[in-house]
Amino acid sequence: MTVTPHETRHDEGTTVPATDRPVHDLVGVGFGPANLGLAIALAERGADGSGPALDGVFLERQEAFGWHRGMLLEDATMQVSFLKDLVTPRNPASDYGFLSFLHHAGRLHDFINHKTLFPLRREFHDYLSWCADRVADRVRYGHEVVRVLPVRGAGDRVAHLDVVARDADGGEVVLRARNVVFAPGLRPRMPEGTGMSDRVWHNEYLLDRLAELGPEASPHAFVVVGAGQSAAEVVEHLHRRFPASHVHAVFSRYGYSPSDDSPFANRIFDPEAVDAFHTAPPDVKRRLNGYHRNTNYSVVDPDLIDALYRRHYAEKVEGVQRLHLHNTARVAGLVEGPEGVAVAVEDLVTGKQTPVAADHVVFATGYHPADPRPLLGDLAGLLVSTDDGLPAVERDHRVVTGDDLTCGLYLQGGTEHTHGVSSSLLSNVATRAAEIIDSIAARTP
Ligand code: FDA
Ligand code: NAP
């Protein structure tokens, strides 16, 4: 069922005229960890009376909660301390913390004995899902936000926003908001001119694509492109899971480089670093992002580097090489046929090309933040931009707009240019939720 912009379809299936549409204090676009953290902060605020309750509804296109499911590899661990869970830095007494989850799961002592700050990603996914279930009344799953429309009020200024979502049946649902909080996450990045296909994948969908191959599959060879954490995890996984397959790692570096997890560098993820970054002049911002890029991008956990090296060396000792490292190299050609993919791997030093016959090619070539502006249509013209043409964003995560707009647009993620490297990560999810709620509360009549 399609609803005209003048009416809303409620969950009960009735329609109401646009003028009678209830106005939510906030509507969240996406329900990954960022907006989940926000939903919990709203629930706790309502329960403990720390301020007047604000109502929020979240729209998520997936049918159920899921956090990068295609990369929930067996042994993959978190890249951030569990103490930076959805709540602890904001409210260490919260019962939505990772330790409360472990207690609930009956594993608290076992985890303590493990002496680690970095749980398995699978376990953290269970924790996030446990949290999501507890605030399920605030989420509409299977709802993809397709556009956001202005609702003009006094003085013809945009006072509210109508958030239009497509539901699982293809119908449209409209929610009206005083504030919209965008947290649409990351999008897989493929090299320019390369598309995904049955044989050419991005690592984001790895486990989905492997599941489609079936349990008996034993491909002859995989090519994995990239030298970041995703690429290294995919190489390790494919090599272990398919004991008869060749795995060709192709990357432009000389070797996998370790992520900088040292304590002083780690401070770049602290809320105080966001304060400093936000006020820094543009050239200092750029320099800081450059200096600390190796805390997050194109780098690999040192334990995983050691494991891969050990395996590669052991194969040399045995004289049977299945793990092939093509360093200082690039994919110069890729031709897909019925039997597989003919990949031309070019050595960047010599220019020599080596043909590799692969069954599947996995591009672990990173992600870019989803841009919410296409959802805004003409409204995007009311946003103030930085010199780089990106949205200008206040310290409280509110997008800077002209006076024509009195309602609020907030961003969680996609703000590396204004808030620094932690923007797309979990490090500040808890604190950022409090900052956004305080900002909205201060502006709510
Ligand atoms: P996230 O991408 O998780 O969620 C966005 C949600 O919005 C998705 O559920 C999506 O379906 C939904 N959505 C998008 N558009 C929509 C629309 N139009 N309508 C409705 N819904 C929409 N960081 C870290 O700090 N520590 C770590 O250990 C890791 N590990 C890690 C592993 C892997 C494999 C990747 C790819 C990334 C990480 N990260 C990470 C970084 C990662 O960005 C971070 O963990 C969170 O996923 C960020 O949460 P968000 O909610 O911002 O985005
Ligand atoms: P990334 O760090 O951005 O690495 C991308 C890699 O692809 C780099 O090696 C890059 O080359 C290469 N690349 C980019 N474009 C290319 C192109 N056109 N052609 C060839 N190579 C190209 O991406 P990521 O590894 O997916 O990591 C992204 C985020 O996810 C990080 O925050 C990471 O910590 C997180 N992550 C976490 C886990 C976990 O928690 N266990 C697992 C996976 C990912 P250069 O080396 O030249 O830059």
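Which way do Gly408, Leu409, Tyr410 and Leu411 point from strand β21, and are they buried or exposed? I looked up β21 (residues 408–411) in this predicted model. Gly408 and Tyr410 point one way, Leu409 and Leu411 the other, and all are buried (under 20% relative accessible area, 1.4 Å probe, protein chains only). In a regular strand, side chains alternate between the two faces of the sheet.

Next I checked its pairing. β10 (residues 179–182) runs parallel to β21, joined by four bridges; pairing takes at least two DSSP bridges. Val180 has Leu409 as its bridge partner in β21. Strands are DSSP E runs of at least two residues, helices H or I runs of at least four, numbered from the N terminus.

Last, the second largest pocket. Its space is about 340 Å³, taken as that filled by probe spheres set on the grid points. I noted 15 lining residues, with Asp75, Ala76, Thr77, Asp301 and Leu304 closest to the centre. Lining residues have an atom within 4 Å of a point; a pocket is an open set on a 1 Å grid, 1.4 Å probe, with protein on both sides within 12 Å along at least five of seven lines. α6 (229–241) gives the most to this lining, four residues.

Residues count from 1 along each chain as written. Local features need pLDDT of at least 70, side-chain atom pairs 80 or more, and side-chain values use heavy atoms.

Conventions. Chains are lettered from A and ligands numbered from 1 in the order in which they are written. Buried means under 20% relative accessible area, exposed over 50%, partly exposed in between (1.4 Å probe, protein chains only).
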